[in-house]
Amino acid sequence: MAKAPAFTCTNCGAAHTKWAGQCDVCGAWNTLVEERPLTAGPAARALAAGKAIPLTDLATVAEAPPRTEAGVAELDRVLGGGLVPASAVLVGGDPGIGKSTLLLQAAARFARGGLKVLYVSGEESAAQIQMRAARLGLTESPVALAAETGLRDILTTLEAETPDLVIIDSIQTMWLDSVEAAPGSVSQVRAAAHALTSFAKRKGIAVIMVGHVTKEGQIAGPRVVEHMVDTVLYFEGERGHQFRILRSHKNRFGPADEIGVFEMTGRGLVEVKNPSALFLSERGEPAPGSVVFAGIEGSRPVLCEFQALVAPSPHAQARRSVVGWDGGRLAMILAVLESRCGLPFAGLDVYLNVAGGLKISDPGADLAVAAALISAREDAALPKECVILGEISLSGALRPVAQTENRLKEAAKLGFTTAITPQAKKRSAAAGLTLRQMADLPGFVAETFGTQAAGGRTEQGRRSQ
Ligand code: TYD
Ligand code: MG
């Protein structure tokens, strides 16, 4: 029988069977600590003497949890229709992206809606938070404030105050004196999050925790907190852009992958009711390499612009640079274009960008990306007011995507007149939109760009080589 792992790395959480000076998973030094298995001692003996737990069945329907809405539609939707009492929510994001701002604004809204709200900050002083509240025009809201990092005192305060909602900013600054590790370490974060969520659940208090994301994209002391909470939200966006997206990665009380869109302004975060209009607002006349994709994020249609640039590479190895989309997927599209349509990209640098700092994970974006790449390579703009969607298979065939109808409706609403989609048995339609359905990628290339799929190139395309 394999020996059970007895050592855990406090930096990355990896399990090891024996002690070592360096964790061979994350490379950190002196981070392995022993976790004693419960085979002997009082703890194991205590395990043997339990009492029978009452059992129930699947037919018993629990009542849907009552929810409290913040009155911020973008936040309420991501939470699955409002805040569930006694639930635990983790809000992750890069430092400086706006988590504290979002939660202070949410705290004020919940407080005005009648909840008793306690905001605990371990990062800023009360005076700093008050200054921010003044700038955001929130000083009138009855939010109780504390600047504290000692969890023992926080829990005692919660016991006495029994608020409906407590906001902890951030979980990495909290520490329990019973755990011998520095604040921010995996053991502390894990213990603090566990103590908070279990206490809050017992007392019927909803808790929202902020968690900072490390460079690798995980919350530091990370994954350990994700499984403890009911809902995991990520606040994402590019620092240079004003858009911020709150995305649900896990939600025990609602759909995952739902998004809320905000704009960071001088007076805090403002919700964006119509994100498509915002993402397309900076678009001018149709330019080569620019394509509008009719996407879906969660349950809502979002139109956005893909921009591609293709230029002769001065390097031996041509560059592939992509922002807002999957690099592996880009490599796949380039390979399909080369082998199925005779459009080689060898010797050409390829840059792909999603305008507005948006991150697209929808597989339906394949055809829009291919169109942007060909349009840039051939230096030929697509027709005006045209949206594109569809998934590309390795054979070059086009596959229909989910919720085509919703996507087309959104496009028609924003004044688009043509949609290029894969052929589908069920014909989705939207009023005022001309549908051009394509069976495969070579057909799409020939029809849209007038380029013969078997290697035909336009004058400009040849010149750019
Ligand atoms: P913050 O909420 O402190 O980020 P986090 O808690 O995620 O670290 O927000 C930091 C940034 O937001 C800061 O660089 C300034 C900007 N900001 C505004 O642009 N407008 C505002 O009204 C506020 C409060 C912050
Ligand atoms: Mg903060």
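Of the 16 residues around ligand 1, those that come nearest are Gly 96, Lys 99, Ser 100, Thr 101 and Gly 268, where a residue is near a molecule if one of its heavy atoms lies within 4 Å of it. The model is predicted, so that local features need pLDDT of at least 70 and side-chain atom pairs count only at pLDDT 80 or more, while totals for chains, interfaces and linings use all residues; side-chain values use heavy atoms, with hydrogens and water left out. Residues are numbered from 1 along each chain as its sequence is written, and chains are lettered from A and ligands numbered from 1 in the order in which they are written.

Several polar contacts to the ligand can be followed, a polar contact being a pair of N or O atoms within 3.5 Å; within protein, one must be able to donate a hydrogen and the other to accept it, and residues adjacent in sequence count only if both atoms are side-chain atoms. A polar backbone atom of Gly 96 is 2.7 Å from an oxygen atom of ligand 1, and a backbone N or O atom of Gly 98 lies 3.0 Å from an oxygen atom of ligand 1. From Ser 100 it is a polar side-chain atom that lies 2.6 Å from an oxygen atom of ligand 1. Taken alone, ligand 1 exposes 560 Å², and the protein buries 74% of that, with accessible areas taken from the Shrake-Rupley method with a 1.4 Å probe and, for residues, only the protein chains shown counting as cover. Helix H3 (99-112), helix H4 (126-136) and strand E11 (259-265) are the elements that give two or more residues to the shell around ligand 1; helices (H or I, at least four residues) and strands (E, at least two) are DSSP runs, numbered from the N terminus. The residues of that shell divide into 4 nonpolar, 7 polar and 5 charged, where Ala, Val, Leu, Ile, Met, Phe, Trp, Tyr, Cys and Pro count as nonpolar, Asp, Glu, Lys and Arg as charged, and the others, Gly among them, as polar.

Turning to the chain as a whole, it has 12 helices and 21 strands. Buried residues make up 48% of its 465 residues, where buried means under 20% relative accessible area, exposed over 50%, and partly exposed in between (1.4 Å probe, protein chains only). Among contacts (heavy atoms within 4.5 Å) between residues at least 6 apart in sequence, 65% join residues at least 24 apart.

Strand E8 (residues 206-212) is mostly covered, with 7 of its 7 residues buried. On one side stand Ala 206, Ile 208, Val 210 and His 212, on the other Val 207, Met 209 and Gly 211, and all of these are buried. E8 pairs with E4 in the parallel sense over 6 bridges, two strands being paired if DSSP finds at least two bridges between them, and in this pairing Leu 90 stands opposite Met 209 in E8. Strand E7 (residues 165-169) also pairs with E8 in the parallel sense, over 4 bridges, and here Leu 165 stands opposite Ala 206.

Ser 87 lies in the loop between helix H2 (73-78) and strand E4 (88-93). It counts as buried because its relative accessibility is 3%. The side chain of Ser 87 reaches the backbone oxygen of Val 84 at 2.6 Å, and, not counting residues up to four places away in sequence, Ser 87 touches Lys 201, Ile 205, Ala 206, Val 207, Asp 230 and Phe 253.

Antiparallel pairing is found elsewhere in the chain. Strand E13 (residues 290-297) and strand E14 (residues 300-312) pair in this sense over 8 bridges, with Cys 304 in E14 as the bridge partner of Phe 293. E13 and E14 form a hairpin with 2 residues between them, and Gly 298 in the turn has a positive phi of about 65°. E14 also pairs in the antiparallel sense with strand E16 (residues 348-354), over 7 bridges, and Ala 308 stands opposite Leu 352 in E16.

Some details of the backbone remain. The peptide bond from Asp 169 to Ser 170 is cis, with omega near 0°, and Ser 170 lies in the loop between E7 and helix H6 (186-203). Thr 162, in the loop between helix H5 (151-161) and E7, has a positive phi near 35° although it is a residue other than glycine.
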